[in-house]
Amino acid sequence: MDISDDEDLLAIEEEEEDESQKEEVDSVIVEDIRRRLFDVFKMFDEDCDGLIETEEIGHVLRCFGLNPSQTELQLVSEQTAKKNGRVSFEDLLQRVVSAIQNEEWKDDTPKQIHAAFQVITSNNYVQKDTLLQLLTSIGEPLTAQEVKQFLNHVSIRGNGDIDWVAYVKDTCEMIASKD
């Protein structure tokens, strides 16, 4: 056996060790996801049978910190729902782990949100009526209840302006503090 063979053997052993460490990290991550998701899931599992209604999937995922679109939620529902229209924790866990590993459903970053607001205004303020029109007519429109919740969390100046920079900052800080 020459030096080249020894180097090849060492490289293979290092790769195997790296793979083993990666699997350990993945295992820890999956267990953390399991624990955190279960804490959220059980809040919606009213009869404690390990199942939730498909309509609650979005609430569970958003409480967990993921942000799937309505179309993605429908797909998750179809992928995970049992015949009775309910979803088990284990089925949802598999889908959530997959989504996290594939970096799906990530919340928009403050930078992306700022860029979106800068399309409609050149300063830190946007007119309430303009913003409400956009929120209820473009993309996935907000419901009346969601609009009401939004309005409860923003400061509206006397002239109808909303300080969207302060709103985004406060909201992102609030979300980060929950993690």
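**Notebook: loops, cysteines and a helix pair**

I began with Glu103, which I found in the loop between α4 and α5 (110-120). The model I am reading is a predicted one, and in it the phi of Glu103 is near 55°, a positive value in a residue other than glycine. I noted beside this that most residues other than glycine have a negative phi.

How many disulfides does the model hold? The count comes to zero, taking a pair of cysteine sulfur atoms within 2.5 Å as the criterion.

Next I checked the UniProt record, an unreviewed entry, which places the feature "domain: EF-hand" at residues 32-67. In the model that span is 58% helix and 8% strand, and the C-alpha atoms at its ends lie 19 Å apart.

Last I turned to helix α2 (residues 57-64) and helix α4 (residues 89-101), whose axes come within 12 Å and cross at roughly 45°. I recorded α2 and α4 as oblique to each other because of that angle, and their crossing as right-handed. Which residues of α2 and α4 meet? On the α2 side I listed Ile57, Val60, Leu61 and Phe64, and on the α4 side Leu92, Val96 and Ile100.

Key
Residues are numbered from 1 along each chain as its sequence is written. This is a predicted model: local features need pLDDT of at least 70, side-chain atom pairs count only at pLDDT 80 or more; totals for chains, interfaces and linings use all residues. Side-chain values use heavy atoms; hydrogens and water are left out. UniProt positions are given in the numbering used here, feature names are shortened, and annotations may be inferred rather than shown by experiment. Helices (H or I, at least four residues) and strands (E, at least two) are DSSP runs, numbered from the N terminus. Axes are lines fitted to C-alpha atoms, for helices over the stretch in contact, and angles run from 0 to 180 degrees between N-to-C directions. Angles under 35 degrees count as roughly parallel, over 145 as roughly antiparallel, 65 to 115 as roughly perpendicular and the rest as oblique. A crossing is left-handed if the near helix is turned anticlockwise from the far one by less than a right angle, and right-handed if clockwise. Contact means heavy atoms within 4.5 Å.
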